[in-house]
Amino acid sequence: MSDASKKNPFNEKSKTEECSLGPTNISDEDILKAMKEMEGYLDITPGDFKEIYRHAYEHALNRLLRALPAKEVMSKGVVAVDMDTPLKDVAEAMARRGISGVPVLDQNRAVAGVISERDFLNAFGPAGAQSFMEVLATCLAGTGCIAVTARKQKAKEIMTTPPICVGEETPVSEIARIFAEKRINRVPVTDKNGNLVGIVSRADIVRYSFVITR
């Protein structure tokens with residue numbers, strides 16, 4: 001298994017932030033004081049100003065996210081497994097790190113596939129299983145559990161392939177669209193040779209959005 005050690009600086013920054021200021025928590029009093037400090041006559045109410053500010057704020061945020069590449073928000077401490085990693089070890093790695101998916105690397109260290117909790121459900125449970133409890137109920141109702149016989153299986157046998165990956169320069173807005181369309185929560189980030197350099201999750205995008213609005 002592979003586990004890079006570099007940390008995402010935005011992850012560390014977000015942990016130290018204690019409060020945020022956005023258009024929804026600026027008061028009318030704040031706006032009136034600001035308007036009085038401006039020279040000349042302003043024919044606008046505090047409510048109008050706040051509405052304009054809210055729209056401008058949203059446009060600015062969207063503009064920043066459209067221009068932002070994956071390499072600026074991705075997590076570099078990626079947990080990855082090899083194609084021949086036993087499923088038991090894959091499950092233990094995911095449980096230990098509290099993650100719901102890992103990239104699977106081939107012998108050239110390129111991303112060959114991805115394993116998620118959904119892949120485990122599909123492999124061990126009845127067709128269309130939606131939850132772990134449904135898989136457990138099926139195991140308990142039968143004469144044995146398929147998970148027992150799967151101990152000798154390897155990552156390549158249940159991984160989803162071809163994997164959905166993005167490049168280091170892929171805009172965050174495009175990644176968000178992929179998440180919505182493909183109904184996934186993370187994508188591996190690869191360099192021009194197809195080698196894994198990081199991973200972007202929904203949480204990374206939300207976290208970075210929080211940081212740039214400070």
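**View 1. Strand 3 is mostly covered in this predicted model.** Five of the five residues of strand 3 (residues 101-105) are buried, where buried means under 20% relative accessible area with a 1.4 Å probe, counting protein chains only. Helices (H or I, at least four residues) and strands (E, at least two) are DSSP runs, numbered from the N terminus. Gly101, Pro103 and Leu105 point one way from the strand, and Val102 and Val104 point the other way. In a regular strand the side chains alternate between the two faces of the sheet. Residues are numbered from 1 along each chain as its sequence is written. Local features need pLDDT of at least 70 and side-chain atom pairs count only at pLDDT 80 or more, while totals for chains, interfaces and linings use all residues; side-chain values use heavy atoms, leaving out hydrogens and water.

**View 2. Strand 2 and strand 3 pair in the parallel sense.** Strand 2 (residues 79-82) is joined to strand 3 over two bridges; two strands pair if DSSP finds at least two bridges between them. Asp82 stands opposite Leu105 of strand 3. Together with helix 5 (residues 87-97), these strands make a right-handed β-α-β unit. A crossover is right-handed if, with the strands pointing away from the viewer, the path from the first strand over the helix to the second runs clockwise.

**View 3. Strand 3 and strand 4 form a hairpin.** The pairing of strand 3 with strand 4 (residues 111-116) is antiparallel and runs over five bridges. Leu105 stands opposite Val111 in strand 4. Five residues lie between the two strands, and Arg109 in the turn has a positive phi of about 70°.

**View 4. The largest nonpolar core has 18 residues.** Val90, Val102, Ile115 and Phe120 touch the most other members of this core. Two or more residues each come from strand 2, helix 5, strand 3, strand 4, helix 6 (117-124) and helix 7 (132-141). Helix 5 gives the most, with four residues. A nonpolar core is a set of buried Ala, Val, Leu, Ile, Met, Phe, Trp, Tyr and Cys residues joined through side-chain atoms within 4.5 Å.

**View 5. Val90 is in contact with residues including Val81 and Ala155.** Leaving aside neighbours within four places in sequence, Val90 also contacts Thr85, Val102, Ile115 and Phe120; contact means heavy atoms within 4.5 Å. A second, separate core of 14 residues includes Leu68, Ala70, Met74 and Phe179.

Methods
Buried means under 20% relative accessible area, exposed over 50%, partly exposed in between (1.4 Å probe, protein chains only).
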